[in-house]
Amino acid sequence: MIRRLTLFSLLAALLLVTACSSQSNEGGNAGSNAAPAPSSEASGNASETPAGTSGADFSEPVTLKLLFYTGQSQRLAEIAGKELKELVKKEINAQLDLTYLPWSEYGGGKTDLMLSSGEEFAAYTDINYLSKSVSKGLYADLTPYVDDYAPDLKSNVAAASFDAFKMNGKQYAIPVGNRASSAAFYSVMVRQDLLEEVGMSSVGSLAELEEYYDKVHAKHPDMIGFASADATYMLMYEYTDMNLNWINNFIAVNEAAEDDKLISWYESPEFKAYASLMNGWYKKGIIPKYAATNQPQLLSDWNVGKAMFYPGTATRPIEGIASITQAVPTAKLQNYFLNKNDRPKISRGTYNTAYFVSANAKHPERYVAFFNLLQKNQELYDFFTYGIKDKDYTIDEKGRIANLTSDLFFDDWMMMNDKFMRFETNVSDDFIEEYKHWDDDAILSKTAGFNFDNTKVKNEEAKLNGVYTEFVAPISSGFVDYDTYFPKTLEKLKAAGLDAYIAEYQRQFSEWSAGRPQS
Amino acid sequence: MPYKENRALLVSFYVAIGLFSLICLVPFVLAVSGSLSTEAKIAADGYSLLPRGFTLDTYRFMFSSKTEQIVRGYANSVMVTVLGTACSVLVTTAYAYVITAKGFRYRNFFAFLAYFTMLFSGGTLPWYILSTKYYHLDDTLAGLFIPYLLNVFLMYLQANYFRSIPHEVVESAQMDGAGHIKIFFRIMLPLGQVGLVTISLFYALQFWNDFYLPLMLVTDEKLFTIQYMMYYMMANIQFLASGNAARIGGAIVAPPLETAKLAMTCLTVLPIAVLYPFLQRYFVRGIIVGSVKG
């Protein structure tokens, strides 16, 4: 008996040790490989072969593994086997290995496994995923390669976008795409066809928006009003005189004030005003009752033309229209600002898609060179976004594009660049004119380029997010009443460490603001 | 009369079960009728139990644009199910035989070894590294069933059937000079047949329904199983609908058509739905036999 017990405990201990050590080994490897590898290669490359004016070196043939989400269309597969292959070979002496995963694996899931197990690949990232992964040492530092390998991209994409994907001064992801991006979600995207149907021409205030709802509701009682549960941005101009912008769920800044003060959003009187507005909408039915339990349904309803308005961005009216016109052929979409007056639009600089390269990549510079190709010039932009001229698309005398295939190439929402993008024939001139001047009165947020290091308040952050989902979200979406539910929620937030979290945020932000060159 | 009482009870049972079955059936009927409806009607009026504006267009569309993928998906699923079931039944019964063999000194040790993995696992990351870096199961057909070869629960189930076989049978065979291989194939397997059928069914169902292994180990479209194609489509729709897409570029991409989604569901469920009525009695019988004798 005793012998058997010893044997078992020995075995158990052995298994535990192997399991633990394999995990920590991997983490350690990834971390330690990350930092030194790129820099040493960079210096090697730069000194060895100064090809032409730049330091780019394409002598060694390499294979680049690019991970995308959604799937590969038939046409993309065809050109990947021929035209695309030849182009990439010729331009940067590389071969592409395009792999696809479902969207559920974005920013976690298998992408995390691939990163943590040290595979070599590149894929898109957002700021949250970037800061998480960089702190684990999983992304390659691409700073040394931008100038030599992506000169065209650098001039075709706004510098603010590059800054947005920096951490501690290092470039960890390369932005691709450059589009009018200010005031994202600050506008109301309205079904213009319905608006005209009820005898209105435009919407300029909350009162008019509600009038629009009432009139359409009277005519089409089965339609829902607002197809989202979040109007924080959209209604901002109505419930405050400040010009607010949000860093995350908990923290806002007033872009109109020249200071570095952070606002604890949920404790502010503005949040109260906003929550009351939303609660009014919910009670009135502008936000449908099912929104509390089935949020995905809201977007589905919007997409089949059963909703009246939705938060807008500069490009949403043309991006979103295709699915709606399938169900309602006469549908038209138009952006409006509610009571904005002369407050400038806020640009965060992070709206564009960016690519990271995993830390173990042997040739990170070649990935950067590939991203450069995507937005190098009009010709290549057309090729990657629309396919082959006269086979996949035609361009008329006005420069408008007509797609001959419904197959997608490189996702156009990712590629979209003001310098190169083409509008379809059915987009109105007015829209294009408005779009061209969209960013004219925009200011860059004072938070642009700031990335929070959450190491010290990780626990607080996790707890706060828990409280947010369970208690705060229902209040902010108006499903429950602020006055009844907020006092208890505030207690929970405080217990979760809201004060410590905001203090740490404020400390880092003040420090960063002080060190930032004033422009 | 007890008979009358029984009868009343029976009737109420039948009614209850009947109602319950109807409720279970509703989602299937909705899926089938949805896949046979026109997209515009579904968008406008929602689902219904009878198809709205009956049409076969969705299936026609799917088979005209995706025939090759669907057929390949089916082929892969069938292959994985058949190969996977055959291999895993062999491995499972062999393991079960070993831990029930009376003369084998370390049988408890091996039983514990299997049991231990039921309670503790190394986690996903070590599993992933082991599968891809050491066993190189990524992008291979083998990768779609090898990680599931031994299901410990089913192994114990099978071990229980083996234990229910009187030891004297084995002993007499041994006296006649039979070795373990002979005993295993000629005596244990034929006598443990009911258990064999049960675990085969469990395995087959598991392999048919699995989308996790393709998700983790396969990126080559040629190896996609029909379940994974389905999961892929649903995952994309869910992501786009959840608003997460806004984080990386504010895209609203038109999700695949509602009817296509439902048609895909029907295609995936079809073979199981057709086979299940004929096979399910084995499930019930198998489990009962084990439980009485175990």
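A: A residue is called buried when its relative accessible area is under 20%, exposed when it is over 50%, and partly exposed in between, with a 1.4 Å probe and protein chains only. The model is predicted, so local features are given only at pLDDT of at least 70 and side-chain atom pairs only at pLDDT 80 or more, while totals for chains, interfaces and linings use all residues. Residues are numbered from 1 along each chain as its sequence is written, chains are lettered from A and ligands numbered from 1 in the order in which they are written, and side-chain values use heavy atoms, with hydrogens and water left out.

With a relative accessibility of 10%, N156(A) counts as buried. It belongs to helix α8 of chain A, residues 151-156; helices (H or I, at least four residues) and strands (E, at least two) are DSSP runs numbered from the N terminus. Beyond the neighbours within four places in sequence, N156(A) is in contact with N178(A), Q375(A), K376(A), N417(A), K419(A) and F420(A), where contact means heavy atoms within 4.5 Å.

For chain A as a whole, 53% of the 519 residues count as buried. The chain holds 23 helices and 18 strands. Among its contacts with a separation of 6 or more, 75% join residues 24 or more positions apart.

The domain assignment divides chain A into domain 1 (30-178 + 352-384) and domain 2 (182-347 + 422-519); such bounds come from an automatic or database domain assignment. The C-alpha centres of domain 1 and domain 2 of chain A are 32 Å apart. Where the domains meet, 8 residues of domain 1 of chain A are in contact with 4 residues of domain 2 of chain A. Together the two domains of chain A bury about 530 Å², of which 47% is on carbon and sulfur atoms. A160(A), M167(A) and D382(A) supply 39% of the area that domain 1 of chain A buries against domain 2 of chain A, more than any other three residues. Buried area here is the accessible area (1.4 Å probe) that two parts lose on being put together, summed over both.

The loop between β6 (174-176) and β7 (187-191) of chain A contains A183(A). Phi of A183(A) is near 55°, a positive value in a residue other than glycine, and A183(A) is buried, at 0% relative accessibility. F185(A) lies in the loop between β6 and β7 of chain A. F185(A) is not a glycine, yet its phi is positive, at about 75°, and with a relative accessible area of 16% F185(A) is buried.

In helix α5 of chain A (residues 109-116), 6 of the 8 residues are buried. These are K110(A), T111(A), L113(A), M114(A), L115(A) and S116(A). G118(A), just after this helix, takes a positive phi of about 80°.

UniProt, in an unreviewed entry, lists residues 447-513 of chain A as "domain: DUF3502". UniProt positions are given in the numbering used here, feature names are shortened, and annotations may be inferred rather than shown by experiment. Over residues 447-513 of chain A the chain is 75% helix and 0% strand, and the end C-alpha atoms lie 8 Å apart.

Two lysines of chain A lie over aromatic rings. The charged end of K289(A) sits over the ring of Y282(A), 4.4 Å from its centre, and K340(A) lies over the face of F337(A), at 5.4 Å from the ring centre. The rule is that NZ of Lys or CZ of Arg is within 6 Å of the ring centre and within 35 degrees of the ring normal.

Chain B is divided as well, into domain 1 (1-55) and domain 2 (66-293). Here 11 residues of domain 1 of chain B are in contact with 7 residues of domain 2 of chain B. The two domains of chain B bury about 690 Å² between them, 73% of it on carbon and sulfur atoms. On the side of domain 1 of chain B, S35(B), E39(B) and Y47(B) lose the most area to domain 2 of chain B, together 58% of what that side buries.

Among the spans that the unreviewed UniProt entry lists as "transmembrane region" in chain B are residues 109-129 and 183-208. Residues 109-129 of chain B are 81% helix and 0% strand, with end C-alpha atoms 27 Å apart.
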